[in-house]
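Reader: I would like to go through some labels attached to a structure and hear the grounds for each. Please set each value against its cut-off.

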Amino acid sequence: MAYDQIWKQDEENLNNVEKIKLRRDGLDVVDTIINKYSKQGLDSVSEDDKILLKWAGIYEQRPKTGQFMLRVRINTGIMSSVQAKTLADISHKYGRDYARISTRGAVQFYNIEINDLPDIFKMLESVGLASYESCGDCPRTVVGNPLAGIDKDELMDTTDIVNEVNNFFLLNRDFSNLPRKFKISISSSINNPGNCEINDISFTPAVKVVDGNEVIGFHFRVGGGLSTKPNMAKEVDAFVLPEDVLRVVVGAATIFRDFGYRKSRNHARLKFLIEDWGVEKFTQKLFEYTGKLPSKGIDKVENWNSSYFYGVNKQKQKDKSYIGIHVPLGSLKSGQLTELAKISERFGDGFIRTTSSQNIIITGIKNSDIDEVLSLPIFKDLSPNPKTFLSHLVACTGSKYCNLALADTQKIGERLASYLDSKLKPDTPIRINITGCPNSCGHLHIADIGLQAAMVKSEDKMEEAYDVFIGGKLGPGAQFAQKLKGRVKEDNLLSLIYMFVSVYLEKRDGAESFNEFVKRLEISFFQEILDNNNH
Ligand code: SF4
């Protein structure tokens, strides 16, 4: 460790997790898992390490019977077919044939036993993957453009930059004790697939004339995040050359490490420091680490695709296409993952890619092979052209496995989507995101319709209900979904969302999107529908 833990001076005011991290670095837990806990079992895990297990990429799942969720970093969603097959093997051997794509494109397994972790770590390492620091107070899986390298809409291929940043931070003990998680997004796509506004630091495409020549680089934002206090990342007035991205991320992570808040876990993300300092002060401090950067150039973000890539689409390589397929609620069987890997080897470029919308892309398919690929049986289950509500529905893990969940978000998601599908045939996507607690892993604030599980008192008992949010989007005109007043019980929820969608389909102005419709009619219109139908 090559830095001073300056926050140690104020030890008595630190939160409990901080006090544990002063005693032991989170990354120490990996060796202890391998050498002790996997052999002696869960009862041998020390109280401190129960907190630090996250640094190895595991959380104890629900119900608390000693099994774990394990998350594997898939940076910007890109994995080779060999890596995908290894993930499928892990799922088959240790995870009851189940794997789930997260809203950062990571791959998660459940029902993992602690004694199997050394084997799993080895299997991951053998193909260049890791679960380390996919959870915990560290730089997490880097998100960005899952189409990097093949995208007609990107200014440059960001794969090497993403790998450079990931390789620098992974297992780097100078940055394994941050005040909280640190989320990085790097994309050069004009479609903002990396959700730049909701990351701690995010890079988006830009150009600038330097010494008479137009050069491609990045703009960047800091301090984004969701959870109980959602915050749009703020733009820094700087232009970053591709070779300087790592330097800027390191500078920002250093500021976060040394000046971020460590008293309350709820007030520790970078966004709170940015809120107090303001962007100018942050920028001045950053330049002490990076040197002064040139001011902004021309921003090149034009749209927001919300990380959906369905269908057959042309790549920048003229004779090749990619196929975006729907993975319902991000849930895959190990056999499906193996099959997709095999298809990518036989017909594609040997890579498959996960997305923040919890789906998969198979890339590098010769245009002449597309029909043959589409005729394969797997695409009956994983559709490239889904026309259902479920195809634009994201749900967090929910109460099946997550200890914090107030509802089974997966189940309500399926119920809601099939109810809507039985009644409506929308010709345009309506994005519904569901989250089981205020942590917002299901990204409800950026959805057309966001639902957050909560409880309401009904006579003498507490019942499951939902807070309803509408009108969220990122990209140009970004705004978080606004919360309607009044919690809605599950029985009323289905009919209420049906009313919202059907009124949109009936009254929309031409090709107006749901989001534009919400803006035009204003939130009071929807509040009235809710008030009249929430019994
Ligand atoms: Fe669990 Fe809450 Fe995250 Fe859902 S949003 S997975 S309930 S922590």
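Author: The model is predicted. His 443 lies in the loop between β18 (432-435) and β19 (449-458).

Reader: Why is Leu 171 called partly exposed?

Author: Partly exposed covers values between the buried limit of 20% and the exposed limit of 50%. Leu 171 has 44% relative accessibility, and therefore counts as partly exposed. Its place is the loop between α6 and β7 (184-186). Leu 171 also has a positive phi, of about 65°, although it is not a glycine.

Reader: How do you know that the peptide bond between Arg 62 and Pro 63 is cis?

Author: Omega for the bond joining Arg 62 and Pro 63 is about -10°, and the bond is listed as cis. Most peptide bonds are trans. Pro 63 is found in the loop between β1 and β2.

Reader: What makes Cys 135 buried, and what does Cys 135 touch?

Author: Cys 135 has a relative accessible area of 0%, and the limit is under 20%, so Cys 135 is buried. Cys 135 is found in the loop between α5 (117-126) and β6 (143-144). Leaving aside residues up to four places away in sequence, Cys 135 touches Lys 54, Trp 55, Gly 57, Ile 58, Tyr 59, Arg 71 and Arg 140. The C-alpha atoms of Cys 135 and Ala 56 are separated by 7.4 Å, while the two residues are 79 apart along the chain.

Reader: Why is Cys 196 called buried?

Author: Cys 196 has a relative accessible area of 2%; this is under 20%, so Cys 196 is buried.

Reader: Why are β1 (58-60) and β14 (331-333) called edge strands?

Author: The open sheet has five strands in the order β1-β2-β5-β4-β14, with antiparallel pairing. β1 and β14 each have a single partner strand, so one side of each is left without a neighbour in the sheet. Neighbouring strands of this sheet are turned by 30° against each other on average, direction ignored. Helix α5 packs on the sheet and touches β1, β2 (68-72) and β5, with its direction making about 15° with that of β2.

Reader: How do you know that β4 (98-101) and β5 (107-112) pair?

Author: Pairing takes at least two bridges, and two bridges join β4 to β5, so these strands pair. The strands run antiparallel. The bridge partner of Arg 100 in β5 is Gln 108.

Reader: What makes β16 mostly covered?

Author: Six of the seven residues of β16 are buried.

Reader: What makes helix α8 (270-277) mostly covered?

Author: Six of the eight residues of α8 are buried: Leu 270, Lys 271, Phe 272, Leu 273, Ile 274 and Trp 277. These buried residues pack against β9 (213-222), β10 (234-240), α7 and α9 (279-290). Gly 278 follows α8 and has a positive phi, near 85°.

Technical notes. Residues numbered from 1 in each chain as written. Predicted model: local features only at pLDDT ≥ 70, side-chain atom pairs only at ≥ 80, totals over all residues. Heavy atoms only, no water. Helix = DSSP H or I, 4+ residues; strand = E, 2+ residues; numbered from the N terminus. Buried < 20%, exposed > 50% of the residue type's maximum accessible area, 1.4 Å probe, protein only. Contact = heavy atoms within 4.5 Å. Axes fitted to C-alpha atoms, helices over the stretch in contact; angles between N-to-C directions.
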